[in-house]
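Subject: Structure for your review

Dear colleague,

I am handing over the structure below, and I would be grateful if you could look through it alongside the notes that follow.

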Amino acid sequence: MKKGFLKVFLVFALMTGLSVPNAIQAEAATPTIKVHFIDVGQGDAIYIKAPSGEDILIDAGNKGKGKTVVNYLKKMKVKDIEIMIASHSDADNIGGLPEVMNSIKVKSLYAPQNSNTTAAYKNFVNTAKKKKLTIKNAKAGVKLPIKGVTAQFVGPVKTYGKTDRNNWSAVLHVTYKKNTFLFTGDAQTKAENDMIKAKKKLRADVLKVSTQGSKTATSKAFVNVVKPKYAIISVGKNGYGHPTSQTVNTLTKAKAKVYRTDRNKTVVVTGNGSSYSIGR
C-alpha cells in the first residue's frame, strides 16, 4: 500500500470509525531504516534515511558523480543532510562530496583527521570552509546523534602512514533494534585486524564491502567476525578485476547473499527493526 494512500485511508478511518486491519496498522506504525547504496560506478555513495527522519550521506563517488548523488537525493525529497561522512581521502569516495555540499545544505560533517593531502581531499576541505562547516573527527568511539539508532565509529582505531589512505577509513556501525549495518569505507586487512584486536562491535547483518571487493580487504577472519547475511559491493567498470573472485568466494562461503551495483544497480536495504527487504 502506498504511503500517501495509507495516510488518507487512516484519516478517513479515524473520522468515520471504520475498522482498520491489524496489518495496515502495523505498516503505518512501524518506522524503518532505509540504506541506499547508490550506483556511482567505481566508487562509494551511501544514503541512509533514519527511522526518525534524519538524512545521512557517506561518500559521493568520484568528482562528477556528485551530480548523480544530488539528483538521487532530490528524487528522495532530501532537503538537507543532517550528517555527512567522508570515509577517507580517496577521490572515488569524496570526489563528489563538494558537489553535494554546494547543492544541499549540510548540518554536520565528519572525516578522519589524517595528514593526507590528495587533490580531492583539498577540494573537500576548501568547500567545507566555504560552507563554514567544521570537520569533526571520525574515529573509533565517536557516536553520531541519530534518534532511535545507535551509530558509532569503530574505526580507525590507530594512526597510519600518510600514504596509507585506505586504512584511515572511518568505519561506521549502525544498529536499529535488531537491524545491524557495517560501513567499512576502504579499510584494508590491517585495519580490519586492528578493529578485531580492539574488540570493536563488528557483527552486522548488512556489510558494505570494502574497496569494491578488492582482495586486499574483506579477509576471512573479518568476515567470520562480522557474519553478514547480506554483502553489498559498490563497483563499476574497472581494470582492477573488482570484485575479485577471492572476496566473492569468502562472502558466499560465509553464506552472505552478495549484491553488486554494477549488476543490480542502486541497492536499497530496508530494515523494520527485525527483518530486511532488499530492492531498488
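Two strands are taken to pair if DSSP finds at least two bridges between them, and the elements themselves are DSSP runs numbered from the N terminus, with helices being H or I over at least four residues and strands being E over at least two. This is a predicted model, in which local features need pLDDT of at least 70 and side-chain atom pairs count only at pLDDT 80 or more, while totals for chains, interfaces and linings use all residues. Residues are numbered from 1 along each chain as its sequence is written, and side-chain values use heavy atoms, with hydrogens and water left out.

The protein chain contains 10 helices and 16 strands. Of its 280 residues, 54% are buried, where buried means under 20% relative accessible area, exposed over 50% and partly exposed in between, with a 1.4 Å probe and protein chains only.

My notes centre on strand β10.

Val-171 is the bridge partner of Gly-155, and Leu-172 is bridged to Phe-183 in β11. The hairpin of β10 and β11 has 2 residues between the strands, and Lys-177 takes a positive phi near 55 degrees there.

Best regards
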